[in-house]
Amino acid sequence: MARGAFGLNAGAFHPIISCLTRKKNMERSWRLIEIMTELGISPDITTLNYLLTAYCFKGNLTAASGVVKRIEEEGLGVDSRA
């Protein structure tokens with residue numbers, strides 16, 4: 001699917017990133033974002049919100065702050081969920 005012309009986008013990765021962040025597996029979550037980038041797919045606000053939410057539930061506000069900075073740097077704009 002990733003190598004074909006099927007219109008792969010960030011939404012295709014939402015279920016996977018959701019599962020990883022619910023299990024608080026942040027290393028694998030960030031690796032998935034690296035894979036997305038390698039495939040030419042930029043993480044969208046929903047993808048980054050999954051990470052942000054997981055860090056907040058873990059109580060890691062430093063990492064959560066880093067995600068907010070990335071959202072702002074990428075010009076995605078922090079939405080009401082963030």
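Glycine 11 lies in the segment before helix H1 (14–22), where helices are DSSP runs (H or I) of at least four residues, numbered from the N terminus. This is a predicted model, in which local features need pLDDT of at least 70, side-chain atom pairs count only at pLDDT 80 or more, and totals for chains, interfaces and linings use all residues. Residues are numbered from 1 along each chain, and side-chain values use heavy atoms, leaving out hydrogens and water.

**Overall layout**
- The protein has four helices and zero strands, giving the pattern α-α-α-α along the sequence.
- Of its 82 residues, 30% are buried (under 20% relative accessible area, with a 1.4 Å probe and protein chains only).

**Around glycine 11**
- Glycine 11 is partly exposed, at a relative accessible area of 34%; partly exposed covers values between the buried limit and the exposed one, which is over 50%.

**How H3 meets H4**
- The axes of H3 (residues 45–58) and H4 (residues 61–73) come within 8 Å and cross at roughly 165 degrees; axes are lines fitted to C-alpha atoms over the stretch in contact, with angles from 0 to 180 degrees between N-to-C directions.
- That makes H3 roughly antiparallel to H4 (angles over 145 degrees).
- The contact (heavy atoms within 4.5 Å) includes Leu48 and Tyr55 of H3 and Val67 and Arg70 of H4.

Terms used. Helices (H or I, at least four residues) and strands (E, at least two) are DSSP runs, numbered from the N terminus. Angles under 35 degrees count as roughly parallel, over 145 as roughly antiparallel, 65 to 115 as roughly perpendicular and the rest as oblique.
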